[in-house]
Every structure is written in structure tokens, then in C-alpha cells.
Amino acid sequence: MDSNVQLNYNYGAPVTPAPRPDPNAPLYASEDAVVASLSNSECVFQVKRTGEPHVMTFQVLQALDQCREFRTLDEHVSRIVTTVPGLNAQQREAVSRVLQSLIQRGLLVSDADFVARLSSVTHVARPNLRAVFIRACDRPSQLERLLATLSDYERRFRAARPYVVLDDSKQEASLDRHRDLVREFARTTGCKLTYIGPAERARFAERVGKALPAQKEAISTLLLPRLHPERFGGGRSWNLATLLSAGGSMVLMDDDQRLPMRRHDLAIGGMAPNAAAPFARFQRNMEEALSTGEEIAEDPFGMHLDACAQPLAGLLAQPGYRIERESLRGLDMARLAHLNPDARVIATQQGTYGSARSESALWLYHLDAAGRADFCASRDAYLTNVEAQSLWQSTQQARLLEYAQFTPFAFDNSRLLPCTSPVGRGEDALFSAVAHFCQPDALVLDLPVAIGHVQERARKRSANTLSASTPRVNHFLTGYVQRQFGQYLADDPAQRLQLLGEIVRDLAGASESARISHLREYLNFVRADTIERLQQQFESATDAPVFWQADVRAAIEANGRAMLAKAPPRLGDWADDLDSAGCANALREELNTVASQFEAWPAAWTYAREQGEKLLATV
């Protein structure tokens, strides 16, 4: 019996109009399952969630397949009699009886039962907060502004949280100024604020290296500026914060962020059971952007930390995170498979107001109709908005993700969190993918609030947006890790991370021609996907202004030309003069470095957890 055959039929849309749904009638959806044939007329329908097998005829299976989405029984019956061969409208009553029997067997699940099994009251004590870690690098004015808003926060909430500034500056003037700011913050707030500059960082790496001589080289590359000095190095401080908080929880901030946290006027309460289109609104300038929305009344750090480490069942039992039954309408049970009541919230994230968080603003062309109308309010507004410098960017309603889209805010580090790449943009996406590989049942809570984000200077994103998609090394690694999801069974995150190191090293060991082919295939996939998604937007947004349409066409054409060009398969971080062989060699070096880091990390994290809170005290 082949238990791997997926239930994957498509019989088309109903040929007759569906009845008007009763808003008070319960909704039902079929369980997600795998199917194995028993004979020409019977099969085994094995529920994925429970593993329970059910024997049924193929005709019943065909009927059940039409009930994947949450709909009323009347809607399901209408669809079945118009799509399943051999049935007609005169057999509605018989079909209804079959569906009633499937409800009794638990194969059709009501909206109320689905929500109830997700919301049993369970709560766990949150891990001890080690610190609020702040990544800083050669931007004293930015850090000064952030610390000023944190001082306001401490005066208001008297939280007395511990803070750690992770200073990765290269200029002596910046280092000196950052030390002065730390001392002043500690003096005025009474909070404990630890400063970790290059010297302190080097001593910490040396200490871990002495304790773990076999992992010393890999750990030093994760924490110290030894690799690719020309690339962004935010991942080094991220890794340092993860070690210093091992066994507890942490908050991670950047020096260009600022409080207060705000909630948009269009935010929606409750929990969205599925992802939605990106939510963004635009302002004329930074001053307007920084005043958008309403400042949240509750302690923003507490709001995030209270959710960290909570099982899904306990989170959804809280009033602010409940799933409304009507929000399930039209959703397929397979799309909700990640909503396991035992799943744990591993991290939380939020939106931003002010500057966008991404290098490219291509995501702006995937907004819903209301967001697109605001984006394109006028030609002049559009030319400003394409740079994504004065906007609100968030989710409109709380939602649960299998992995984060941007840098999370609060982390549950009581169970091993992985390292990320110490260099290069896209370290947040890579961390999220690796974290999901290591803890596949964990979730990220995306909250409908935002934190201020003001970059040191305005950035031009339009050129990047409208040119061919050229992912960076960390984006390539993220995609490669994502392709491994669901293929391995080990439960221990440390074992899984070491396995991932071996998987990455396997690709590094491929022949030169295989590495070149792999890079070409990856780049073509990314560009083809970009083209397809943009074409779908172009075809659906028939009322979009001509300037919006022109830029979408330009992005499509740029990606099409790049796919047809016979250029070396370069990633975004590599030199423009690399030939194909050079790209293959660069990929091998990148992969071997990352593999060594993944393999060494579990020992370093375990050592840090065993040291506990005293580790930070000795830095």
C-alpha cells in the first residue's frame, strides 16, 4: 500500500451558481489526508493529523475532495452534485446524507470544532529575559535617538529591563561616543546597560574558543569581523546575542529603530488564520510617517514577551488572539496544517513606520486594491512612494507564520535557536528558514503593531526594484534550506542543525559544472517566479494607473532579459567580473563556511546555556 499518494484531485468549478450562504450556518471542511488504493472501487483515506485510516469508495472520496474549503453543507452539496460524475440535482438529499455521515466520522470538521481543538487553555511560564540587545554600527546619532526613546519607555513603565549594546563600529569616534551614550543611559534610567565593543567581543570569542577548541575557528567567524569586511555584518551581533541569551529569551533591536510602538487605525483584532496581502499606507514625508497610528497603551515589550514560548492553544485562548469562525470561510484545511495546538511561539515580529525594511520595494506591487490606491494616489505621490521611505508597513491583523519575514523582535531561546550568517544582507531570512528547519513545529507571531524605523539617510530603492532580481548569498541559502523542509524526522534541534550542515556541505562538494547549473537553475526560478507574480498582479489590477503598469512591465522585462542572457550565474554579493568558474568556486567557499558554522553552533549554544546568566556578567 502506497501511503504517500496525495489527495490531489481537481474537478473544476461548479457550473451552477452556489446558493447564498447562511451567515449563521456552520462551516465544514474535510480533513487533510493521504490516500491509498485498495481496489478498483475502494481506497484508504488516512487523516494526516491523527494517522487514523478510513475505508471509503472512490465516489465518496470524490465528494469529500470537493469539501476541502470551509463552506456550509448546502454549498458543499451544490458543488458535489455539479462536479462529481454520475450525480445530478435530484440526488441532493442522498449527498447530504453522505456528508452527515462524514461529519459523524470526523472527516468533515466544523468551524467550531476546529477552533475548539486549537484553543484549549494552556499556558507556560515565559523564559527569563536575558536582555534587550541593540545592534549598533557607526551611527551614534541613531543610537542616541533610540536610547532617548527607551528612556521615555522606562520612565513610563518602570520596567527596569537589562540592556546590552552590541557595538560593531569600525570608527574610533563612534566607539567612544557609543560608550558615552551607554553610561548616560544607565545613569539617567538606573537600568543595567552592558556595552560590548570590539575588545569585549574578542575576549568573549576567545573564552568560547578555549572551552570548545574543536569549534574555535568556526565560532570566531560567527562572532568576529573575519569574513568579507565589505559586506553588512549585522549577523555577527545577532549570533552574539543568541549565545548570551541561550536558555532564556531576548529582544533584538537595531540602532535605527525608535519607540513608541503604534497600532494603525485600520488594524483588526483577533487572529487571522491565514496570510493576507501586504499591508502598507503612505505619507508625504518622514514627519507624517512617524505620527501615523495610535501609540499602544500596554507595555510593548511585555506584549511581545508574554507571547514568546506560549503553546498555540494557550495563545488562541486569549481574547486578543481568538480566531473568528467566519474568518475560516473558503480556507483549505491543508493551508491551516501549521496551526497545531502544541506548536510553540518561537518569536514575535512587528511592522515599521518610517523607512521600509527591505532593499527592494518590489513587494509594493503586490498590495491589495486599497493599498495600491494609496500607493498610486497621484503621479507625484507614486514617485515618492516607490522609494518606500515614508510609509507604514505591517500586518493588518495578528497572524501566525511558519517563519518570519523580517528580523523578529522577541525570541524564545530556551530551546536551541540557530546561528545566522555573520555577513551579508538577508541574514534575517536565513535565520528564519534555519530556525524552521531546526524546530519545524514552532511558529512566529506577527503582530499588527509597528516600531519606528528611521535610516541614517534616504535610500533609493526604485532602481533595485525595477531591475532583474539578483538574490544575495543569504537569499540563495534561504531558498536551499526551504527546499529541505518536511524531509527529515529528528526532533532535537541540535541534531537537525548539524544535519543541515552536512546537507549544505553536500552541495559544496558537487562538481563545478553541477554548481554552475544549480546557480543558473536557482536564478531562473527566482526570476520566473517574479515574472509570474507580477503578471498576475498586472492582469488583475486593470484599473491601475498607467505609470504603475509601466513600471510593472519594466520589472517583468528586466527579469525576462536576465533569464535569456548567457551571463555567469552571479549572486548579488559577488564581484561583477566573476566568470562562471569563479561563481562555482565562490559558491563552494560560501557553502563550506556556512556548513562549518552550522556544525559548530550546537556545542557553542549548549556551552552558553550551561553558563547561564553569569556569561553576560563576565563579558
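The model is predicted, so local features need pLDDT of at least 70 and side-chain atom pairs count only at pLDDT 80 or more, while totals for chains, interfaces and linings use all residues. Residues are numbered from 1 along each chain as its sequence is written, and side-chain values use heavy atoms, with hydrogens and water left out.

**Helices H17 and H18**

Helices (H or I, at least four residues) and strands (E, at least two) are DSSP runs, numbered from the N terminus. Helix H17 (residues 473-482) packs against helix H18 (residues 493-508) at an angle of about 115°, and their axes are 11 Å apart. Axes are lines fitted to C-alpha atoms, for helices over the stretch in contact, and angles run from 0 to 180 degrees between N-to-C directions. H17 and H18 are therefore roughly perpendicular (65 to 115 degrees; under 35 is roughly parallel, over 145 roughly antiparallel, the rest oblique). Phe476, Tyr480 and Val481 of H17 make the contact with Leu500, Ile503, Val504 and Leu507 of H18, where contact means heavy atoms within 4.5 Å. By class, this contact has seven nonpolar, no polar and no charged residues. Nonpolar here means Ala, Val, Leu, Ile, Met, Phe, Trp, Tyr, Cys and Pro; Asp, Glu, Lys and Arg count as charged, and the others, Gly among them, as polar.

**Aromatic pairs**

The structure holds 17 aromatic pairs. Rings of Phe, Tyr and Trp (its six-membered ring) pair if their centres lie within 6.5 Å; planes under 30 degrees apart are stacked, over 60 edge-to-face and the rest tilted. Two of the pairs are tabulated.

| Pair | Centre to centre | Angle between planes | Class |
|---|---|---|---|
| Trp238 and Phe431 | 4.9 Å | 45° | tilted |
| Tyr365 and Phe375 | 5.6 Å | 75° | edge-to-face |

Trp238 lies in helix H9 (residues 234-244) and Phe431 in helix H15 (residues 427-438), so their pair ties together parts that are 193 residues apart in sequence. Trp238 is buried at 0% relative accessibility, and Phe431 is buried at 4% (buried is under 20% relative accessible area, exposed over 50%, partly exposed in between; 1.4 Å probe, protein chains only).

Tyr365 sits in the loop between strand S14 (345-354) and helix H13 (369-375), and Phe375 is in helix H13, ten residues apart. Tyr365 is buried, with a relative accessible area of 4%, and Phe375 is buried at 0%.

**Helix H9**

In H9, eleven of its eleven residues are buried. Among them are Arg236, Asn239 and Trp238.
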